[in-house]
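This report walks through a single protein model, one group of features at a time. Please keep the sequence and the structure in view while you read.

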Amino acid sequence: MPLHPLAADYIQRRSKAGMDPTESLSPEVARAQSRAFIQGLPAGPDCAAVNDRFIPGPGGEIPIRVYTPAGTGPFPVCLFFHGGGWVVGDLDAGDASCRMMANEVGCMVVSVNYRHAPEHKFPAAPEDGLAAAQWVVANATALNVDAGRLALMGVSAGANVVAAVTLMARDREGPPLTCQVLIVPVTDCNLDTPSYLRLAEGHVLTRRGMAWCWQHYLRTPDDAENPLASPLRATSLEGLPPAFITTSEFDPLRDEGEAYAARLRDAGVAVTHRFNAGMLHGFHGPEALAATFSYLRAQLFA
């Protein structure tokens with residue numbers, strides 16, 4: 001189908017904001033541009049409480065933002081990992097979505113500002129992700145959450161971090177995870193899939209833009225073979241938690257997201273795949289958001 005009107009409007013808003021291609025910028029300028037654009041977007045709803053804090057991590061303190069829903073708890077909890085190609089993004093990048101998630105799902109949301117490349121290259125991001133999940137479980141009582149109902153959710157590179165953390169949690173005996181939510185995920189360092197070649201330019205995320213991200217993220221080309229960077233290359237995906245995966249029609253990452261969903265199913269993992277017709281990598285629309293929250297409610301309140 002043609003580009004959805006909401007997606008076309010999103011492209012126009014980015015153009016009016018004077019957004020330059022990420023691949024033409026330094027990491028510092030790309031971050032500043034992203035922050036400026038996010039500040040111009042509508043704010044999210046109020047929550048019962050929103051608190052910023054720091055938790056210990058393998059490379060120093062990790063900034064997190066905790067969103068508490070109305071109610072008495074203990075609440076199920078979802079860790080959220082923002083997108084931005086492992087280089088761009090911060091706690092504000094997912095703030096509106098996290099606020100909506102806390103209210104509409106009824107879970108506590110912990111947004112994790114993992115270390116970013118190129119200052120902190122692979123595997124810093126998934127190491128921080130695993131540390132955050134372990135911290136939540138270890139501090140469940142103080143947080144007023146139920147450690148037995150723990151979900152992970154990520155967008156794009158954040159979804160890549162989630163996929164890596166699920167592999168690490170499986171292979172390192174914990175923590176146990178209720179489900180994983182992968183929104184337009186990066187699953188493989190392969191820029192030659194049909195969707196990459198067909199959608200190389202003109203739909204916000206570009207093939208050259210993703211090459212820029214991978215170049216900043218990986219220490220050496222050999223890291224591309226590591227399943228914590230390219231989860232699609234994992235020898236086995238057996239024993240991973242149930243997954244909700246979204247892919248978008250006009251997204252260069254579409255093929256690798258669909259391939260990961262297929263591999264998970266083949267490994268016996270329960271997979272719900274939502275295809276967002278007419279949508280972009282960076283914009284999914286309110287219906288996709290509602291479907292994501294519905295899945296989380298079903299998993300966390302089963």
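## Two buried tryptophans

Trp 86 and Trp 214 are both buried, where buried means under 20% relative accessible area, exposed means over 50% and partly exposed lies in between, with a 1.4 Å probe and protein chains only. The model is a predicted one, in which local features need pLDDT of at least 70 and side-chain atom pairs count only at pLDDT 80 or more, while totals for chains, interfaces and linings use all residues. Residues are numbered from 1 along each chain as its sequence is written, and side-chain values use heavy atoms, with hydrogens and water left out.

## Aromatic pairs

A pair of aromatic rings is described by the distance of the centres and the angle of the planes. Rings of Phe, Tyr and Trp (its six-membered ring) pair if their centres lie within 6.5 Å, and planes under 30 degrees apart count as stacked, over 60 as edge-to-face and the rest as tilted. By this rule the model has seven aromatic pairs. One of them joins Trp 86 and Trp 214, whose ring centres are 4.6 Å apart and whose planes meet at 55°, so this pair is tilted. Trp 86 lies in the loop between β3 (75-81) and α3 (95-105), and Trp 214 in helix α8 (residues 207-217), so the pair ties together parts that are 128 residues apart in sequence. Helices (H or I, at least four residues) and strands (E, at least two) are DSSP runs, numbered from the N terminus.

How are the rings of Phe 122 and Tyr 217 arranged? Their centres are 5.7 Å apart and their planes are at 75°, so the pair is edge-to-face. This pair also links distant parts of the chain, since Phe 122 is in the loop between β4 (108-112) and α4 (124-138) while Tyr 217 is in helix α8, 95 residues apart. Phe 122 and Tyr 217 are both buried, and ring pairs link Trp 86, Phe 122, Trp 214 and Tyr 217 into a cluster.

Ser 156 is not a glycine, yet it has a positive phi of about 60°; its place is in the loop between β5 (145-155) and α6 (157-171), and at 7% relative accessibility it counts as buried. Val 184, likewise not a glycine, has a positive phi of about 40°, and it is found in the loop between β6 (179-183) and α7 (194-198). At 2% relative accessibility, Val 184 counts as buried.

## A crossover and its helix

Strand β7 (residues 243-250) and strand β8 (residues 271-280) run parallel and are joined by seven bridges; two strands pair if DSSP finds at least two bridges between them. From β7 the chain passes through helix α9 (residues 254-266) to β8 in a right-handed β-α-β crossover, a term for a path that runs clockwise from the first strand over the helix to the second, with the strands pointing away from the viewer.

Which residues of α9 are buried? They are Glu 256, Gly 257, Tyr 260, Ala 261 and Leu 264. Seen down the axis of α9, its buried residues fall within an arc of 140°, so they line one face of the helix; the arc is that of the directions from the helix axis to the C-beta atoms.
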